[in-house]
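Please read the numbered points alongside the sequence and the coordinates.

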Amino acid sequence: MLAAFSGFRRSAGAARLAAATTVSGLVAAGVLSGAGKAMADGADGIPQNQGGATATINGLKTYGEAVIHGDGGDQRVEAGLFEMSVDGGGTLQTYCVDLHNPTQRDAHYQETSWSGTSLGANKDAGRIGWILHNSYPQVNDLTALARRAGAGALTEQDAAAGTQVAIWRYSDHAKVDAVDPQAERLADYLDKSARNIAEPQASLTLDPPAVSGHPGDLLGPVTVHTNASAVTVSPPPDAATSGVRIIDKTGKVMTSAQDGSQLYFDIPEDASDSAAELTVQASTTVPVGRAFASDSRSQTQILAGSSESTVSATATATWASGGAIPAVSARKNCAKSGVDIIAANKGDEPFTFELMGAEHTIPAGASRTVTVPLQEDQAYDFTITGPHGFSHRFTGVLDCKTQGTITTRAAQVHNEPSPASVGGSTAPDTNLASTGGSAITPLIAGVAIGLVVIGGAVLVVLRKREQTGA
């Protein structure tokens, strides 16, 4: 999703903020038709993560087999490393931390904090981080890894499968074993050795992602957080005509920045009520252990390895001469099963809005966080409008639990039967299920074909009877 905002227009309207809200769930019919994106990532939707890497999932690339032991019996699935292509350049390797949810074909992912995923409420999330740092592909000396694990000889496929199995035991608390004995020994070693480590920092974010104020003011600061040595700073596209500059606290125009840099929007005193956006970008390796979530309801991933990759972040500024001057942003809050709307008011009048039937007022100069409660797997689409033409839209799907309402062979991510030989280093494209596809899809297709055949036979019989009667 791309951030978008409409410019302010001078208006004598009231400071009351209207929030047009649509919240829709995944309908049952979606299971039969192949539920895709419940809410499209519209070009004017604002993501809940304002920075980092964005990428498209390519498929399960290095894998072996595992067996999930459940109440309904054992299920054999593929287990291993996925590959993602980063927008702007770069490649990521990831493992699944969302066993029972489907992987959507060509799903788009955003780097995110653990709090926006099931990892946020998982006391063992740090152990997954330890596994990632102490196994394949971070440890690519497979002889040494096998020696530590007492696993004999490990292939890349064994190492990937064993690592994924160990991760599932902590991410989903699943009863799962690797099929290959060497991979299973590795999984047991990682499972028993894992220790909690801290969540890694984001590759690049801007905090806060939205600011507001009056013309003539410095709006900010917006602080850069990054593991890159430096980031490029791009001013608003219309900076040459609007006069808006991106500066530091000394007034220096900023074209580059680093971790901890504070940026300000310098708004001319005679500027009309409006809005602007700054973008920062860098090339860096994304920290191992960063979560990647998709608003297309595709299973959550966790980073195992990164090439040099493009990362970016944006921040918006809005200003007006008087009245309420809102700044809003949003983030998923899995601990509270909802989406936090962070609203600030730098104006001189109260800022009032309504969400989910409840009215909220932000006094002048104050800020509040409003949590919109949602059901698991529920799609949402909030459009918040305000004075001077202010408008922000937030879209997505709440995906906070590893056991979703749509259950498929998530690790295997196949619509077709399993290949006869499993364990190749490169999986075919069929390893990614069609959007919304599930294990029920082949059954539905078979039933549909059967009905067509039966219908055709009935028509033939009826036609023969008519001819006989004639």
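1. Is Phe 351 buried or exposed? The model is a predicted one, and in it Phe 351 has a relative accessible area of 0%. Because buried means under 20% relative accessible area, Phe 351 counts as buried.

2. A search of the whole structure returns 2 aromatic pairs. One of them is formed by Phe 351 and Phe 353, whose rings are tilted, at 5.8 Å centre to centre and with 40 degrees between the planes. Phe 353 is likewise buried, at 2% relative accessibility.

3. Another aromatic pair brings together Tyr 380 and Phe 382. Here the rings lie 5.4 Å apart, centre to centre, with 20 degrees between the planes. The pair is classed as stacked because planes under 30 degrees apart count as such. Tyr 380 and Phe 382 are both buried.

4. Turning to the nonpolar cores, the largest has 84 residues. Those with the most contacts inside this core are Tyr 95, Leu 263, Phe 265 and Val 280. Helix α4, residues 156–171, supplies the largest share of the core, with 8 residues. Another core, of 22 residues, lies apart from it and includes Phe 351 along with Ala 324, Ala 330 and Ile 341.

5. Strands β3 (residues 54–70) and β4 (residues 73–86) run antiparallel and are joined by 14 bridges. Within this pairing, Gly 64 has Ala 79 of β4 as its bridge partner.

6. Ser 85 has Thr 91 of β5 as its bridge partner. The hairpin formed by β4 and β5 has 4 residues between the strands, and Gly 88 in the turn has a positive phi of about 90 degrees.

7. How many disulfides does a search of the whole structure find? The search finds 1, which joins Cys 334 to Cys 400 with an S to S distance of 2.1 Å. It links distant parts of the chain, 66 residues apart: Cys 334 is in the loop between β19 (326–333) and β20 (338–345), whereas Cys 400 is in the loop between β25 (391–397) and α7 (440–469). The torsion about the S-S bond is about -75 degrees, so the disulfide is left-handed.

8. On accessibility, Cys 334 is buried at 10%, and Cys 400 is buried with a relative accessible area of 11%. Cys 96 is buried too, with a relative accessible area of 1%.

Methods: Residues are numbered from 1 along each chain as its sequence is written. This is a predicted model: local features need pLDDT of at least 70, side-chain atom pairs count only at pLDDT 80 or more; totals for chains, interfaces and linings use all residues. Side-chain values use heavy atoms; hydrogens and water are left out. Two strands pair if DSSP finds at least two bridges between them. Helices (H or I, at least four residues) and strands (E, at least two) are DSSP runs, numbered from the N terminus. A nonpolar core is a set of buried Ala, Val, Leu, Ile, Met, Phe, Trp, Tyr and Cys residues joined through side-chain atoms within 4.5 Å. Buried means under 20% relative accessible area, exposed over 50%, partly exposed in between (1.4 Å probe, protein chains only). Rings of Phe, Tyr and Trp (its six-membered ring) pair if their centres lie within 6.5 Å; planes under 30 degrees apart count as stacked, over 60 as edge-to-face and the rest as tilted. A disulfide is a pair of cysteine sulfur atoms within 2.5 Å.
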